Amino acid sequence: HDLKGNELGYKVEIEKLDYHHYLPLFFDGLCEMTFPYEFFARQGIHDMLEHGGNKILPVIPQLIIPIKNALNLRNRQVICVTLKVLQHLVVSAEMVGEALVPYYRQILPILNIFKNMNVNSGDGIDYSQQKRENIGDLIQETLEAFERYGGEDAFINIKYMVPTYESCVLN
C-alpha cells in the first residue's frame, strides 16, 4: 500500500510466471467479494494480462469455467468486475478475441439476462457511469469488444446468444 493506492509486489518478474498455473488461479478469484482477496485476484489478472503477450492465448480454455462461475453468481459487483476483465482479456494479445468465440455459449447467456438492466434515475444523477458500474452499459461495451476482436464469426455467434444485440461494426 502506498500513496497511489494498493498494488501487488512480485518476487519474480511477471513475464516469468507460469501462466498456465497462475492466470486460472487469479480468474478463480473473480468470485471473491471480500478485501483483500478480491483485490489480489483483480490486480493479479490485470498485471498478468498487461505483461503476458503470447503466453495468454494457450491458457484461454482454462479461463472459461472461472469466468462462467463468476457470472453465474449473478452478483452485480462480481459481474461488473468480470466484464471489465473480459474487455481487458480480449485486447490483451493477438488472437485472444477469436479464441473466445467458441466459448460464447458458456459466457453470453448470463449477459442476456442483465443486458437491459440500466439504472433509471429519472432526473437524478447516476454516478455509476463515472465508475463504470452500470451493468447494462458494461455488457454493451463487452459485446462490442467481443465483436471487434472476435473475427468474422463473432457477430453471428453473439447474435445467436443475445438476439437483441445490434452490430457495432456493420452499421
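The legends below describe close-up views of a predicted model.

Residues are numbered from 1 along each chain as its sequence is written, and side-chain values use heavy atoms, with hydrogens and water left out. Because the model is predicted, local features need pLDDT of at least 70 and side-chain atom pairs count only at pLDDT 80 or more, while totals for chains, interfaces and linings use all residues.

**View A. The largest nonpolar core has 47 residues.** A nonpolar core is a set of buried Ala, Val, Leu, Ile, Met, Phe, Trp, Tyr and Cys residues joined through side-chain atoms within 4.5 Å. Buried stands for under 20% relative accessible area, exposed for over 50%, and partly exposed for values in between (1.4 Å probe, protein chains only). The residues with the most contacts inside this core are F27, L89, L100, I107, L108 and F146. At least two core residues come from each of helix 1 (19–28), helix 2 (37–52), helix 3 (60–72), helix 4 (76–91), helix 5 (96–100), helix 6 (104–114), helix 8 (135–149) and helix 9 (154–161). Helix 4 gives the most, with 9 residues. Helices (H or I, at least four residues) are DSSP runs, numbered from the N terminus.

**View B. Surroundings of L100.** Leaving aside neighbours within four places in sequence, L100 is in contact (heavy atoms within 4.5 Å) with I60, I64, L89, V90, I107 and F146.

**View C. H20 of helix 1 and its polar contact with Q62.** With a relative accessible area of 41%, H20 is partly exposed. Residues up to four places away in sequence not counted, H20 touches P58, V59 and Q62. The side chains of H20 and Q62 make a polar contact at 2.8 Å. A polar contact is a pair of N or O atoms within 3.5 Å; within protein, one must be able to donate a hydrogen and the other to accept it, and residues adjacent in sequence count only if both atoms are side-chain atoms. H20 and Q62 are 42 residues apart in sequence, and their C-alpha atoms are 7.9 Å apart.

**View D. Q87 of helix 4 and T142.** Q87 counts as buried because its relative accessibility is 14%. Its side chain makes a polar contact with the side chain of T142 (2.9 Å).

**View E. The two sides of helix 9.** A154, I158 and M161 are buried in helix 9. They lie on the same side of helix 9 because they cover an arc of only 70 degrees around the axis, taken from the directions from the helix axis to the C-beta atoms. I156 and Y160, on the other side, are exposed. The buried residues of helix 9 pack against helix 6 and helix 8.
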